[in-house]
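Visitor: I would like to learn how to read a protein model, one feature at a time. Please give the general idea before each case.

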Amino acid sequence: MAKRNLSEQIFGAEENSAAKMDPEKLGRFQKIAAHMYHTPQLSAREVAMPAIARAGRQIGEKINGNYAKVFYVSVLRLDMIYVVLIELIIGIYDVLNNPLMGIAYDRTRTRWGKARPYVMLSPLFYFASTAVLFCGRLFFDNDITDDPRKILFVFVILFIRETFSTIYSIPNDNFLTLMTPNPKDRMSVGLWETYANNWSGDFIAAMIMPLLDLARSGKVNISPGIIFAGFGIVGAAIGISGSVLKAINCRERLILQPKPMPTQKALFAILKNKYMMRNFVAGLASSWWSDGGYQWDVVTQLEIFGGVLRTWMWYMPRQIFPIVSLSFIEKFKKMFNGSYRKTVILMRCWDMLSGLSVAFTGLKTNVVGTWWKAGALFGVFDGIDCLNNAPANVLEGEINREIGDYTEYVTGERPDGTIGLLTGLIGKVTDPLKSLVTIAVFKWSGYDANIAGNRPWSQALVRENQAMYSKVFFLYKLGNLASFVFNMIPLIFYDLEGKKKEDMYTALNERRALIAESHAMPEEMSAMIEMMAEEERTEVQA
């Protein structure tokens, strides 16, 4: 065999991968491969449990993600510059720590599977540290923004949390692709995971925002610190129990290469996946910018709309329309002759246009000056935006899983941990930059996060400050336009569709069956082969 040139060694498929193996060697498993691809494998429990786990995870992560900076600045009372410095140090630590976590996951092979042991054990440390973080105001009940004890507390807890975040998130994010090779199964689980994610996230927003509103207005005798502590503890309890239930009830069916590829080779696996590489470049180009990193939805609800209890009606469309969108899934799947790529691009443009309509109307008119006008504008276009939620979640999720499967197709292995840490480092490295952008955005908008209140127009003694709130409204609806556009570009070049996609999965499943036959065959694969043999005998007799 001729020695491959350097380009083929770096970018070409591996010799023992499904893309390169002899078709005759794989061909005897063709019927099994077709069965795995076309026939759902999961039980009702295995469809339900990932959704329950996703709900628990989202409750914990919603608080830490959407309300973290509100907590640091407005509740724990830390100066934003210290938050930036802490995130910078944690980001440097992650660059060193994440590879070890990812490599350990990739090299794991146990009788319980690759991901299940981590899904079972890591949530305890991950969610417990989150709960302790949001109890911070109970430990430090002062408004000194440069208190060294608070700075050290946040640093130590975030250090612990980030240590376990990768080993928690990578196995959880890749568990579904290990459960079944069937696209219908994966889209079904992905759909229910998404809705559990959205509903639990909206539940937190629906609960925490009114409580903060009532607490800061003095209508209830409860402090914001106690509110965050309570949600942190409840979120940790649900997150831990949900993940453990998922690990107990869901099994891994995917047959992997028994001996993982060497770490040095896994580090370059992303170069062999052109689809993932495009996403990586797009993410790198856009990750420095979001909406400035602050929770502008909090400001909009409490200050522009005049309080959560007063404006609940503006958020009703996002509760109702996603359910309505369930009926559109099959219709969208059939659009453009079943091209997921074209359909997802259409839906992303749909979302962008609805956001543009709200953002620029609020920025260029006086609609923000009247709470009900701003709320009605938001409610109408938010409902239009949500009408494609279910199809978008199903199709975009499956495209991402197909991209992950392509790595196995061209390398013969699934180095999800190594690739995940490479792609995840984008956010880790640029988090401090995002915080610096937040400071710049504060200056652009004129919003002062250090002013206590979050009550209607609390930063405007007179209505001359309406321009500032118009900018806040814009940031809430369309502050992430740049990253939105950058991350849509790779879809234009996505061509893993139709026969090309089906051929990939046929070869993948044939190779998995070959591996199962060559080594200790799992019970699920043995049962599938026996079932296929029985069907073949029935056909012959007929």
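Visitor: How many aromatic pairs does a search of the whole structure find?

Guide: This is a predicted model, where local features need pLDDT of at least 70 and side-chain atom pairs count only at pLDDT 80 or more, while totals for chains, interfaces and linings use all residues. Residues are numbered from 1 along each chain as its sequence is written, and side-chain values use heavy atoms, with hydrogens and water left out. Rings of Phe, Tyr and Trp (its six-membered ring) pair if their centres lie within 6.5 Å; planes under 30 degrees apart count as stacked, over 60 as edge-to-face and the rest as tilted. The search of the whole structure finds 29 aromatic pairs.

Visitor: How are the rings of Phe 305 and Phe 378 placed?

Guide: A pair of aromatic rings is described by the distance of the centres and the angle of the planes. For Phe 305 and Phe 378 the centres are 5.8 Å apart and the planes are at 55 degrees, so the pair is tilted. The pair links distant parts of the chain, 73 residues apart: Phe 305 is in the loop between helix 14 (296–304) and helix 15 (317–324), and Phe 378 is in helix 18. Helices are DSSP runs (H or I, at least four residues), numbered from the N terminus. Phe 305 and Phe 378 also belong to one aromatic cluster with Tyr 315, Phe 473 and Tyr 476.

Visitor: Are Phe 305 and Phe 378 buried or exposed?

Guide: Buried means under 20% relative accessible area, exposed over 50%, and partly exposed in between (1.4 Å probe, protein chains only). Both Phe 305 and Phe 378 are buried. Helix 14 is mostly covered, with nine of its nine residues buried. Gly 306 follows helix 14 and has a positive phi, near 90 degrees.

Visitor: Which residues other than glycine have a positive phi?

Guide: Arg 77 is one of them, with phi near 65 degrees. Arg 77 sits in the loop between helix 5 (68–75) and helix 6, and counts as buried at 13% relative accessibility. Asn 337 has phi near 55 degrees. The loop between helix 16 (329–333) and helix 17 (340–364) holds Asn 337, which counts as exposed at 82% relative accessibility.

Visitor: What span should the 13 residues of helix 21 have?

Guide: The expected span of a helix is 1.5 Å times one less than its number of residues. Helix 21 (residues 466–478) should span 18 Å, and its end C-alpha atoms are 18 Å apart, which agrees. Eleven of the 13 residues of helix 21 are buried, so this helix is largely enclosed by the rest of the structure. Among the buried residues are Phe 473, Tyr 476 and Lys 477.

Visitor: What does Asp 382 touch?

Guide: Contact means heavy atoms within 4.5 Å. Not counting residues up to four places away in sequence, Asp 382 touches Arg 318 and Lys 477. Asp 382 is in helix 18 (residues 371–386) and counts as buried at 4% relative accessibility.

Visitor: How many salt bridges does the count come to?

Guide: A salt bridge is a side-chain nitrogen of Lys or Arg within 4 Å of a carboxyl oxygen of Asp or Glu. By this rule the count comes to 25 salt bridges. One of them joins Glu 396 and Arg 348, at 2.8 Å from N to O. That pair links distant parts of the chain, with Glu 396 in helix 19 (residues 389–411) and Arg 348 in helix 17, 48 residues apart. Glu 396 is partly exposed, with a relative accessible area of 23%, whereas Arg 348 is buried at 18%.

Visitor: Where do Arg 401 and Glu 398 lie along their helix?

Guide: An α-helix has 3.6 residues a turn, so residues three or four places apart point the same way. Arg 401 and Glu 398 are three residues apart in helix 19, separated by about one helical turn. Their side chains meet in a salt bridge (3.1 Å, N to O). Arg 401 is buried, and so is Glu 398. Both are part of a network of salt bridges with Arg 186, Asp 405, Glu 408, Arg 414, Asp 416 and Arg 512.

Methods. Helix = DSSP H or I, 4+ residues; strand = E, 2+ residues; numbered from the N terminus.
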